[in-house]
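Dear colleague,

Here is the structure for your files. My notes on its salt bridges follow below.

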Amino acid sequence: QVQLVESGGGVVQAGGSLSLSCAASGRTFTNSAMGWFRQAPGKEREIVAQISWSGGTTHYADSVKGRFTISRDNAKNTVYLQMNSLKPEDTAVYYCALATGGRGHAYDFWGQGTQVTVSS
């Protein structure tokens, strides 16, 4: 089993920045991909960003391209999401997830989520 714990959420004004972290513990999987998702009230969960095991391949939702950066430190079993130029529409619960099969595979494990609120 894998446990994922997000941290770093909070309240920020529009235009500000936040950095999220997600620490994995328990069993680790070589070649796993990791991703950040978000879910706003009344909306479906959507992918924000994904990163391959090596960190060499990343993918971003169009809505966050150029503003968010995903990275990972496999030695620390941690994935990060740097969020800049935040907008009120970025307000959501942010979840990290791990795909044991790697990029392109289903996400098997999920964190509990961390709230990000962007005020206008």
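**Salt bridges**

R67 and D90 form a salt bridge, with their closest N and O atoms 2.8 Å apart; the term stands for a side-chain nitrogen of Lys or Arg within 4 Å of a carboxyl oxygen of Asp or Glu. This pair links distant parts of the chain, 23 residues apart: R67 lies in the loop between β6 (58–60) and β7 (68–73), and D90 in the loop between β8 (78–83) and β9 (92–99). Strands here are DSSP runs (E, at least two residues), numbered from the N terminus. Both residues, R67 and D90, are buried. Buried means under 20% relative accessible area, exposed over 50%, and partly exposed in between (1.4 Å probe, protein chains only). Salt bridges with shared partners join R67, D90, R38 and E46 into one network.

The model is predicted: local features need pLDDT of at least 70, side-chain atom pairs count only at pLDDT 80 or more, and totals for chains, interfaces and linings use all residues. Residues are numbered from 1 along each chain as its sequence is written, and side-chain values use heavy atoms, with hydrogens and water left out.

Within that network, the side chains of R38 and E46 meet in a salt bridge at 2.6 Å, N to O. R38 counts as buried because its relative accessibility is 6%, whereas E46, at 35%, counts as partly exposed.

D62 also pairs with K65 in a salt bridge, the closest N and O atoms being 3.1 Å apart. D62 is exposed, with a relative accessible area of 64%, and K65 is partly exposed at 49%.

In total, the structure holds 4 salt bridges.

Regards

How values were computed. Helices (H or I, at least four residues) and strands (E, at least two) are DSSP runs, numbered from the N terminus.
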